[in-house]
Amino acid sequence: MRSNSSHFSDLLSPTLLNRRRALLGTLGLLALPVATHVSAAPPAKPKQQRPDVWPHASQVPGGVARLSLGPSAKRPAAFSGDVPLLVLGDAIEWTALVGIPLAATPGDATIFVRPESGAEKQIAYTVEPKQYREQRLTVPPRTVDLSPEDEARYERERAHLATVMATFTDLRPDASLQMRVPVPGRRSSSFGLRRVFNGQSRNPHSGMDIAAGTGTPVLAPLPGRVIDTGDYFFNGGTVWLDHGGGLLTMYCHLSRVDVKVGDVLKTGEQLAAVGATGRVTGPHLHWSVMLNRAMVDPALFIAA
């Protein structure tokens, strides 16, 4: 069964889309790319990829950069602009994980490191270009050009989700970031697809769609705390999990939600059931991974 989801970032009229982009820049729903050129040192080259390290490094829009921060007695604080970054490691070597927004411009970028003692420093890296495939879809016109009532609802939901996406809590000391796939099934739509609805370009697909029948259990891919549940205009039944360090996951189009805000889940515990709620053409799970407020490719967190 082919299923295509229509998320709040995908199906907007040109006028609303321009206004939304401006609002996102103001509120920081998705981390904006840092494209500051630095002259102090050349951008760091990515290390050779280890197959047993998650998330895998992929320094492209929608990918993850793994940047060495060197040794330090205590975990340093690192930032992309003013957004805190997830930092893993130990006193021998710390590593900053940087979610790169799909809207990032290829080229040099920087993060800022603030050690417990000493001066702030910059670390440069390079965002490489990547061309994602295009997907053309024909959908009912009302799902592309929103009515005033639907637009007002979207605006209310957008403001609420801004606070959800800004969640940043301490990372578990024993954190392993290899995720299990939350539901079995065929990947029906991959991350980053450039979508054209009824001939009109929309934002790229910000998650992974997995085809599964209504009622299929959705399981937590990592230990996490439920930070939001709801029924949203584009996303339908939705659950957000916080895994610490600015790493969040989102599950959409659910037929049933089995958890409430504040619940703490272990890997493999059920949180919901697959459905076809919101703007969809068939039952499936839309799964998003957010790192430092940037949607990144879930495939980087799972075994092939």
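**An antiparallel sheet and local backbone features**

Strands β3 (residues 77–80) and β7 (residues 107–114) run antiparallel and are joined by three bridges; strands here are DSSP runs of E with at least two residues, helices are runs of H or I with at least four, and both are numbered from the N terminus. Two strands are taken to pair if DSSP finds at least two bridges between them. The model is predicted, so that local features need pLDDT of at least 70 and side-chain atom pairs count only at pLDDT 80 or more, while totals for chains, interfaces and linings use all residues. Residues are numbered from 1 along each chain as its sequence is written, and side-chain values use heavy atoms, with hydrogens and water left out.

Across from β7, alanine 78 has valine 113 as its bridge partner, and phenylalanine 79 has phenylalanine 112. Seven bridges connect β7 to the antiparallel strand β8 (residues 121–127), where isoleucine 123 is the bridge partner of isoleucine 111. Six residues lie between the strands of the β7–β8 hairpin, in which glycine 118 adopts a positive phi near 105°. The open sheet comprises four strands in the order β4-β3-β7-β8, with antiparallel pairing. Because β4 (83–84) and β8 stand at the edges with a single partner strand each, one side of each lacks a neighbour in the sheet.

Elsewhere, the peptide bond from tryptophan 54 to proline 55 is cis, with omega near -5°; proline 55 is placed in the loop between α1 (14–27) and β2 (64–70). Histidine 253, a residue of strand β17 (residues 247–257), has a positive phi near 70°. Histidine 253 is buried, at 0% relative accessible area (buried, under 20%; exposed, over 50%; partly exposed, in between; 1.4 Å probe, protein chains only).
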